[in-house]
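Subject: Structure handover

Hello,

Here is the structure for you to look through. My notes on what was found follow below it.

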Amino acid sequence: MNTIMRKSVLSIAGLAFAGGVFAGPIAAHAATPVDAKPVAVAVQSAAPKPQGEQSRIGLNDEQTANVKAIIAATKKAGLPERAAVISIATSLQESKLENLGHLGDRNDHDSLGLFQQRPSSGWGTPEQITEPEYSTTAFLKGLKQVDGWQDMPLTDAAQTVQVSAYPDAYAQWEQQATDLVGQYWNS
């Protein structure tokens with residue numbers, strides 16, 4: 001148990017003890033009985049902690065514009081910031097946030113765009129897949145079909161949509177994706 005959590009638990013326990021000492025005698029003489037029920041206290045962080053070692057890259061203007069396009073498409077789809085984090089981390093892994101066209105011999109099959117989506121797998125036409133709003137919306141459509149995606153580790157949510165040969169690779173981008181969403185979500 002970390003120090004902050006330990007201090008919080010001890011503080012709550014101390015307050016409960018002090019409350020019992022001071023309220024106990026008063027409650028014992030009260031005109032009506034007190035119906036005391038235990039209360040559970042949960043300490044939970046607002047966002048999941050990134051898994052494993054984290055990677056980070058510097059972004060150029062094109063990559064930053066793609067981050068903003070992913071965030072805009074996520075908002076347009078009515079999805080929360082967590083969906084944007086998963087989308088950006090996925091794009092960081094798949095294309096380093098670059099809208100990739102056909103890469104010739106270096107291409108993985110017919111993978112294109114921010115998410116390395118494949119026309120032959122039904123993601124859309126090459127023109128659609130290389131349009132950031134369309135490709136993000138297609139990714140988000142797949143994400144929404146994953147039961148419990150909001151609460152699962154980022155790499156599991158991304159992998160369920162992408163079906164990558166390297167399923168654990170998405171996790172390394174979670175912190176940078178979280179930072180980018182924090183920076184651009186309200187801009």
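Helices (H or I, at least four residues) and strands (E, at least two) are DSSP runs, numbered from the N terminus.

This is a predicted model: local features need pLDDT of at least 70, side-chain atom pairs count only at pLDDT 80 or more, and totals for chains, interfaces and linings use all residues. Residues are numbered from 1 along each chain as its sequence is written, and side-chain values use heavy atoms, with hydrogens and water left out.

The protein chain has 7 helices and 0 strands. Of its 187 residues, 34% count as buried, meaning under 20% relative accessible area, with exposed over 50% and partly exposed in between (1.4 Å probe, protein chains only).

Back to H2, residues 61-76. Its 16 residues should span 22 Å at 1.5 Å a residue, and the end C-alpha atoms are 22 Å apart, which agrees; the expected span is 1.5 Å times one less than the number of residues. At the N-terminal end, Asn60 caps H2, with a side-chain oxygen 3.0 Å from the backbone nitrogen of Glu62. The buried residues of H2 include Val67, Ile70 and Ile71. Helices H3 (81-95), H5 (132-144) and H7 (174-184) are among what covers the buried residues of H2.

Lys141 is exposed, at a relative accessible area of 54%. Lys141 and Ala77 are 64 residues apart in sequence, and their C-alpha atoms are 8.9 Å apart in space.

Regards

Definitions and conventions. Contact = heavy atoms within 4.5 Å. Polar contact = N/O pair within 3.5 Å; in protein donor to acceptor, adjacent residues only side chain to side chain.
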